[in-house]
Amino acid sequence: MVTKVILEVRILPLQLSNFKKNNMNKLKNKFGKYFEFKNTTNGTDYFLRGLATILFLIPIGLFVGIGLAILNSQPVIAAILIALAVVFLIPMIVFSLATTYKRINAFFPGQASLLVTLTFIYSFILEGFNPNNGMAQLNESAGTLPNGDYITYLVLTLPYLAWSLYLLFGNSKVKKHIG
């Protein structure tokens with residue numbers, strides 16, 4: 001009787017471990033392609049995946065909002081909620097970068113990594129020139145132009161907008177997209 005109970009206790013964790021591995025493999029096979037930096041995607045999928053990125057923002061916003069609202073009364077729970085928001089932020093960034101990589105890879109197979117990096121850096125720098133946020137470095141308008149901040153931002157936004165529209169509407173030479 002005691003031997004049977006010990007055997008069952010020892011076998012149960014192995015069964016749970018196999019159960020977890022099987023489920024993780026199923027999830028990886030089903031959703032892993034969305035987070036991989038290989039293959040290509042078409043413009044429609046690129047657009048839809050961009051919309052799907054917004055779905056990541058819903059729990060992030062809820063966790064941060066509730067966390068900040070209860071920060072003074074329950075700081076431990078607030079810290080946990082904000083940490084959960086960060087946990088959701090990581091796959092959102094990976095998903096977004098992988099999607100951009102796949103789309104750029106459809107057009108420029110050899111330079112996809114470089115172009116994704118440059119796109120990310122340019123968009124980050126562009127936000128530094130946005131006069132509507134607190135990061136704006138151009139607090140004084142240009143001496144000769146009215147609203148110089150907005151003109152600078154607009155001039156820098158045009159190439160980024162053209163690049164984004166090219167990725168969205170351009171036709172690549174790839175006939176069948178796998179990613």
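Reader: Is Asn39 buried, partly exposed or exposed?
Author: Asn39 is partly exposed, because its relative accessibility is 27%, and that class lies between buried (under 20% relative accessible area) and exposed (over 50%), using a 1.4 Å probe and protein chains only. This is a predicted model, where local features need pLDDT of at least 70, side-chain atom pairs count only at pLDDT 80 or more, and totals for chains, interfaces and linings use all residues. Residues are numbered from 1 along each chain as its sequence is written, and side-chain values use heavy atoms, with hydrogens and water left out.

Reader: Thanks! Where does Asn39 lie?
Author: You'll find Asn39 in the loop between α1 and α2. Helices here are DSSP runs of H or I with at least four residues, strands are runs of E with at least two, and both are numbered from the N terminus.

Reader: And what is the phi of Asn39?
Author: Asn39 has a positive phi of about 70°, even though it is not a glycine.

Reader: Stepping back, how many helices and strands does the chain have?
Author: The chain has five helices and zero strands. Following the sequence, the pattern reads α-α-α-α-α.

Reader: What share of the residues of the chain count as buried?
Author: Of its 179 residues, 23% count as buried.

Reader: How many residues apart along the chain are Phe35 and Ala98, and what separates their C-alpha atoms?
Author: Phe35 and Ala98 are 63 residues apart along the chain, and 5.7 Å separates their C-alpha atoms.

Reader: Nice. Which residues form the nonpolar patch on the surface?
Author: That patch is made up of Phe35, Phe37, Val86, Ile90 and Val94, which together have about 410 Å² of accessible area. Patch residues have over 30% relative accessible area and no salt bridge; nonpolar side chains (Val, Leu, Ile, Met, Phe, Trp, Tyr) are joined within 5 Å, like charges within 9 Å. A salt bridge puts a Lys or Arg side-chain nitrogen within 4 Å of an Asp or Glu carboxyl oxygen, and areas come from the Shrake-Rupley method with a 1.4 Å probe, only the protein chains shown counting as cover for residues.

Reader: Which helix does Ile90 lie in?
Author: Ile90 lies in helix α3, which spans residues 75–107. Ile90 is exposed, because its relative accessible area is 52%.

Reader: How about Ile54, buried or partly exposed?
Author: Ile54 counts as partly exposed, because its relative accessibility is 45%. This residue belongs to helix α2.

Reader: And what separates the C-alpha atoms of Ile54 and Met92?
Author: Their C-alpha atoms are separated by 8.8 Å, while Ile54 and Met92 are 38 residues apart along the chain.
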